[in-house]
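Hi everyone, thanks for making time. Let me put the model up on the screen, and then we can walk through a few parts of it together.

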Amino acid sequence: MLDSKIPSGPIDQKWKNRKFESNLVNPANRRKHTVIVVGTGLAGASAAATLGELGYRVKVFTFHESPRRAHSIAAQGGINAAKNYQNDGDSVYRLFYDTIKGGDFRAREANVYRLAEVSVNIIDQCVAQGVPFAREYGGTLTNRSFGGTQVSRTFYAKGQTGQQLLLGAYSSLMRQAGEKAVEIFSRSEMVDLIVSDGKARGIIARDLVTGELTSHTGDAVILATGGYGNVFFLSTNAKQSNASACWRAHKRGAYFANPCFTQIHPTCVPVSGDYQSKLTLMSESLRNDGRVWVPLKVGDKRAPGDIPENERDYFLERMYPAFGNLVPRDIASRAAKRMCDEGRGVGATGLSVYMDFRDAIQRLGKPTIAGKYGNLFEMYEKITDENPYQVPMRIFPAVHYTMGGLWVDYNLMSTIPGLFVAGEANFSDHGANRLGASALMQGLADGYFVIPYSIANYIGGTKLAPIKNDHESAKAALAESGNRLENLMKAKGSQSVDQLHRKLGKIMWDKCGMARNEAGLKEALGSIKKLKEEFTNDVRIPGDNRLNSELEKANRVADFLELGELMCLDALERKESCGGHFREEMQTPEGEALRDDKNFSHVAAWEFNGSNPKLHKEPLVFENIHLAQRSYK
Ligand SMILES: Cc1cc2nc3c(=O)[nH]c(=O)nc-3n(C[C@H](O)[C@H](O)[C@H](O)COP(=O)(O)OP(=O)(O)OC[C@H]3O[C@@H](n4cnc5c(N)ncnc54)[C@H](O)[C@@H]3O)c2cc1C
């Protein structure tokens with residue numbers, strides 16, 4: 001039975017209670033303990049910096065050449081916090097409520113309440129670090145709105161919020177590196193987890209330049225390795241983002257929760273050709289001012305400027321008048337798909353809809369719009385050669401974020417004692433759909449404010465035998481990693497890693513993407529099985545086991561293939577629609593997601609068991625928020 005270790009007491013006292021009952025480690029003893037952090041995005045950098053500052057010995061790993069390159073740097077639109085600076089009705093409770101409802105009632109109440117509570121501290125922390133959040137003329141921090149809310153609580157730095165937040169966390173990390181509290185291993189990829197006596201005690205890392213495998217042991221391991229959206233090949237994620245750290249931990253005993261919960265973001269630059277390797281997001285913040293529409297008539301091929309007002313369908317405003325263009329992402333994505341399925345999509349492929357700034361430019365003036373979104377407009381123009389100040393942007397949904405991840409309890413500990421998971425890599429806070437601007441909030445909440453308590457609680461309350469890098473369990477994991485890489489190199493087949501990855505992506509998008517059904521998911525499971533064999537026998541990895549980006553990719557794609565299979569199985573098992581998981585068999589007469597609370601109000605946590613994954617269920621209990629059909633009308 002999964003124990004989520006939710007503290008006792010009323011919802012607003014739980015985190016206070018947990019902090020008070022937690023074990024502590026005295027400052028003089030902290031330097032005797034080594035904590036390994038994998039990942040230097042917002043979650044990893046903030047955790048490593050804070051633990052270093054507290055006095056632990058921290059080793060932090062990233063496959064990037066600099067911690068600053070983590071995918072978090074790409075985040076555009078903003079970070080939520082319940083500061084209520086706008087005096088528009090926001091509160092910790094409302095952020096909690098919006099997030100539970102936005103996640104379609106598939107997240108744990110206690111975690112989400114803590115997230116909302118801690119959100120206010122994050123802004124203070126970042127401002128103290130010098131993060132240049134946008135301000136009003138008089139100097140106060142300004143806010144904008146994101147989907148699924150009726151208040152303005154999103155703090156931002158133009159369309160580069162992730163970059164600015166990461167520079168803040170990175171500065172703190174480098175300060176600790178300067179103090180010798182944190183040791184940074186860049187271009188080092190974790191390829192396995194070391195488990196000894198049932199506890200996570202270290203990692204095997206591969207030096208991506210020399211190919212050397214080394215073991216690193218310690219008292220606790222934190223994975224902050226990001227999401228797995230690239231299983232779809234095409235996504236808005238950084239090309240190198242992958243699932244391997246989590247998947248290897250899964251194979252060592254960490255349960256994987258809700259793997260099928262993927263977020264498809266409504267406003268991305270549409271796919272333009274067969275050889276495209278990446279998709280680009282146009283931030284949700286644009287929906288504050290951009291109006292989404294399609295022509296009223298099927299097959300209307302006129303230029304957007306030639307279509308008069310009364311022949312346009314502002315479909316989000318029409319269908320969801322209360323939230324309009326700012327409905328949550330799952331809802332907006334499905335609505336856009338529906339318009340394209342009806343034959344009202346625009347552009348050469350008919351697979352896009354307009355996001356139009358004409359009215360906002362007339363109302364506010366071009367300089368104001370440029371001040372808010374200038375870099376996004378520039379990015380759009382560079383990619384499409386169309387000027388969004390003059391013609392509407394064309395957008396279409398794309399894979400963006402994964403709500404699923406390693407299962408963690410309230411303390412962010414996985415089912416392997418001593419293995420903690422932070423940021424997008426865990427499943428904890430967003431249920432079946434994540435609201436915009438809440439991933440940055442979660443990453444920093446985990447790293448700056450939750451992990452430090454969790455690590456003290458664990459280390460202070462656990463007997464940990466000394467362990468060295470040449471311990472038997474480390475030697476065994478090191479040997480297994482070496483064999484795995486050698487086997488990959490042996491195939492000498494005819495297909496590149498990307499070719500095979502692209503095939504996996506197509507199966508996932510077609511059968512486990514914006515809409516899923518039983519027949520399609522079963523077909524996908526069969527196709528992935530065949531593709532796995534094709535990969536084993538026919539992948540071609542040129543070069544040798546040293547600096548070799550093809551080998552790095554192959555190692556990751558082998559894991560994506562297994563994870564893709566689990567995602568389809570999870571989607572097949574969950575015979576309800578919720579958030580981003582839309583089972584075509586389960587919809588309301590208006591085409592909205594139809595949940596089945598009686599049978600599926602649980603977290604699906606999968607245990608690795610060879611080709612027969614075992615399902616464990618953590619029931620979700622809603623004591624504070626009434627379960628209801630989501631409505632944004
Ligand atoms: C284009 C885009 C825009 C976004 N905009 C927003 C936004 O405006 N607001 C918002 O809230 N969210 C946004 N998001 C989501 C958000 O950016 C991410 O969810 C978040 O940054 C993830 O942070 P993280 O620290 O969990 O992981 P990441 O930033 O992905 O960092 C992962 C780290 O782990 C390391 N790593 C991974 N595997 C290994 C391994 N095996 N060995 C060693 N190192 C490893 C990587 O090197 C990296 O350092 C956006 C996402 C995208 C794609």
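First, a term: the bend at a residue is the angle between axes fitted to the seven residues ending there and the seven starting there. With that in hand, look at helix H5, which bends by about 35° at Ser119. Helices here are DSSP runs of H or I with at least four residues, strands are E runs of at least two, and both are numbered from the N terminus. After H5 comes Gly130, with a positive phi near 95°.

Two quick notes on the source. This is a predicted model, where local features need pLDDT of at least 70 and side-chain atom pairs count only at pLDDT 80 or more, while totals for chains, interfaces and linings use all residues. Residues are numbered from 1 along each chain as its sequence is written.

Now to strand E7, residues 199-207. How many of its nine residues are buried? Eight are, where buried calls for 20 or more other C-beta atoms within 10 Å of the residue's own, with C-beta atoms placed from the backbone.

And its partners? Strands pair if DSSP finds at least two bridges between them. E6 and E7 run antiparallel, joined by eight bridges, and Ser196 has Lys199 as its bridge partner in E7. Two residues sit between these strands in the hairpin, where Asp197 has a positive phi near 50°.

On to E8, residues 213-217: E7 pairs with E8 over five bridges, again antiparallel. Arg206 stands opposite Leu213. This hairpin has five residues between its strands, and Gly211 in the turn shows a positive phi of about 85°.

Key. A residue is buried if 20 or more other C-beta atoms lie within 10 Å of its own, exposed if 12 or fewer, and partly exposed in between; C-beta atoms are placed from the backbone.
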